[in-house]
Amino acid sequence: MPSIDYETPGGVPSPMALPPLVQPASRTDRVRDALRQAILDGALPPGRALVERELAEMYGVSKTPVREALKQLRATGLVEMNAYQGVSVRRPDDRLVRELYTARCAAEPEAVRLAVELHGAAPHARARRALEDAAALIGAGETQGLGIANRRFHRELYTACDNSFLCAFLDQLQDLTAFVAGLGWRLQATFEEEATEHAAILEAMEQGDADRAEELTRAHIRKAQRTLAGALGAEK
């Protein structure tokens with residue numbers, strides 16, 4: 001197959017090949033990120049009403065960027081519309097946990113397997129760093145940021161598969177997984193057990209054992225689902 005020449009006849013690179021300008025974060029982005037962090041940290045608990053006027057006053061912006069930020073957060077599943085067309089932080093229920101973890105279980109273990117098959121026995125420095133960061137948070141008793149640290153660890157594992165479709169699908173589940181996991185830890189602290197499971201998965205990956213890495217990842221997700229479902233059930 002002939003190669004495609006992306007240069008103009010005079011040998012000057014086409015403008016379309018140049019990198020785009022980096023745009024500064026908009027007010028919408030800043031509001032969205034602040035609300036996302038507050039939800040994941042538990043500062044905004046499930047069921048908390050998110051009133052545009054109040055949020056606009058709090059962040060010193062108009063209601064427009066707040067409204068757009070809430071739309072974006074709704075797309076991630078972190079917030080939901082209620083019967084009166086208001087917006088509130090999502091209340092996790094049995095169906096959400098079942099569907100979320102079933103989706104993860106269908107895709108993430110396979111992504112981990114593909115990653116091991118692609119790279120073989122090799123150190124995974126970024127995943128190990130994420131694991132160490134999570135351990136440091138546990139050791140310091142600073143569990144607020146643990147959900148995001150654990151999501152970072154999982155993402156380092158599955159993105160190593162180098163499959164853009166699998167990665168994009170799992171990326172869509174990241175915020176919601178951190179949200180429900182954080183809620184589960186506040187009801188029943190299991191993060192130390194999960195840290196041990198994470199270490200075992202990483203060890204299997206670095207040893208090049210695709211079967212074991214896949215098996216451990218699937219067992220880890222299923223156990224987390226059972227634990228969370230039990231914690232939510234006990235709260236009712």
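**View 1. The lining of the second largest cavity in this predicted model.** Here you can find Arg104, Glu108, Arg151, Tyr158, Leu170, Leu173, Gln174 and Thr177 around the second largest cavity. Helices H4, H6 and H8 each give two or more residues to this lining. By class, three of the lining residues are nonpolar, two are polar and three are charged. The volume of this second largest cavity is about 40 Å³.

**View 2. The contact between helices H4 and H7.** Helix H4 (residues 94–119) packs against helix H7 (residues 164–172) at an angle of about 140 degrees, and their axes lie 10 Å apart. That angle makes H4 oblique to H7. The crossing of the two helices is left-handed. On the H4 side, look for Ala103, Arg104, Ala107, Glu108, Ala111 and Leu114; H7 contributes Leu166, Phe169 and Leu170. Seven of the residues in this contact are nonpolar, none is polar and two are charged.

**View 3. The largest cavity and its lining.** With a volume of about 150 Å³, this is the largest of two cavities of 30 Å³ or more. It is lined by 17 residues, and Tyr101, Ala181, Trp185, Glu194 and Ala224 lie nearest its centre. H4, helix H6 (146–159), helix H8 (174–187) and helix H10 (210–235) each supply at least two lining residues. H10 provides the largest share, with six residues. The lining of the largest cavity holds seven nonpolar, seven polar and three charged residues.

Conventions: Residues are numbered from 1 along each chain as its sequence is written. This is a predicted model: local features need pLDDT of at least 70, side-chain atom pairs count only at pLDDT 80 or more; totals for chains, interfaces and linings use all residues. Side-chain values use heavy atoms; hydrogens and water are left out. Axes are lines fitted to C-alpha atoms, for helices over the stretch in contact, and angles run from 0 to 180 degrees between N-to-C directions. Helices (H or I, at least four residues) and strands (E, at least two) are DSSP runs, numbered from the N terminus. Angles under 35 degrees count as roughly parallel, over 145 as roughly antiparallel, 65 to 115 as roughly perpendicular and the rest as oblique. A crossing is left-handed if the near helix is turned anticlockwise from the far one by less than a right angle, and right-handed if clockwise. Contact means heavy atoms within 4.5 Å. Ala, Val, Leu, Ile, Met, Phe, Trp, Tyr, Cys and Pro count as nonpolar, Asp, Glu, Lys and Arg as charged, and the others, Gly among them, as polar. On a 1 Å grid over the protein atoms alone, a cavity is a set of points where a 1.4 Å probe fits but cannot get out, and a pocket is an open set with protein on both sides within 12 Å along at least five of seven lines; lining residues have an atom within 4 Å of a point. Grid points are joined across faces, edges and corners, and a volume is the space filled by probe spheres set on the points.
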